[in-house]
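Please walk through this model with the structure open beside the text.

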Amino acid sequence: MIYELRIYTTVPGRLPNLLARFENHTLKIWEKHGIRQLGFWTTLVGPDSNDLTYMLAWESLAEREQKWNAFLNDPEWIKARIESEKDGAISAKMSNSFLVPTKFSASQ
């Protein structure tokens, strides 16, 4: 398994908009495309309370490329993204990392 760690830093005051987009639109579209999420977290204590952190699970980078591209080109996603940003950008920045578990990881 490969795990993708994604961190979105939202424009101040826009975290609720990002959370609503995931809850009301993105997760349903991911389900349609077979994208598996492991969890979502907001920052209680840390450098930025405007962060949303989440993890996805992939069998391979090839699976990720195929399913992620299908998601990005899905008309339902494009519509939801445009609609959610009609009052301005939600994200200030985004980072992602691809992780593989060690042989002693509980996720093995």
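Predicted model: local features only at pLDDT ≥ 70, side-chain atom pairs only at ≥ 80, totals over all residues.

E4 has its bridge partner in β3: L56.

Now take β2, residues 36-42. Six bridges join β2 to β3, and the two strands run antiparallel. Here R36 has A57 of β3 as its bridge partner.

Four of them form an open sheet, in the order β2-β3-β1-β4, with antiparallel pairing. The edge strands are β2 and β4 (91-99), and each pairs on one side only. From one strand to the next, the twist averages 15°.

How covered is β3? Strand β3 spans residues 51-58, and eight of its eight residues are buried. In a regular strand, side chains alternate between the two faces of the sheet. In β3, D51, T53, M55 and A57 point one way. L52, Y54, L56 and W58 point the other way, and all of these residues are buried.

Helix α2 lies across β1, β2, β3 and β4, running at about 115° to β3.

Look along α1 itself. This helix covers residues 15-33 and has a kink of about 45° centred on F22. F22 is also buried, as are L15, L18, R21, T26, I29, W30 and H33 of α1. What do the buried residues of α1 pack against? They pack against β1, β2 and β3, and also against α2 (61-72) and α3 (75-84). Just after α1, G34 takes a positive phi of about 75°.

The last stop is the pair α1 and α3. Two packed helices are described by the angle between their axes and the distance between the axes. The axes of α1 and α3 come within 10 Å and cross at roughly 165°. Angles over 145 degrees count as roughly antiparallel, so α1 is roughly antiparallel to α3. Their crossing is left-handed. On the α1 side, the contact is made by R21, H25, T26, I29 and K32. On the α3 side, E76, W77, A80, R81 and S84 make it.

Key
Residues numbered from 1 in each chain as written. Heavy atoms only, no water. Buried < 20%, exposed > 50% of the residue type's maximum accessible area, 1.4 Å probe, protein only. Helix = DSSP H or I, 4+ residues; strand = E, 2+ residues; numbered from the N terminus. Pairing = 2+ DSSP bridges. Bend = angle between axes of the 7 residues up to and from the residue. Contact = heavy atoms within 4.5 Å. Axes fitted to C-alpha atoms, helices over the stretch in contact; angles between N-to-C directions. Parallel < 35°, antiparallel > 145°, perpendicular 65-115°, else oblique. Left-handed = near helix turned anticlockwise from the far one by under 90°.
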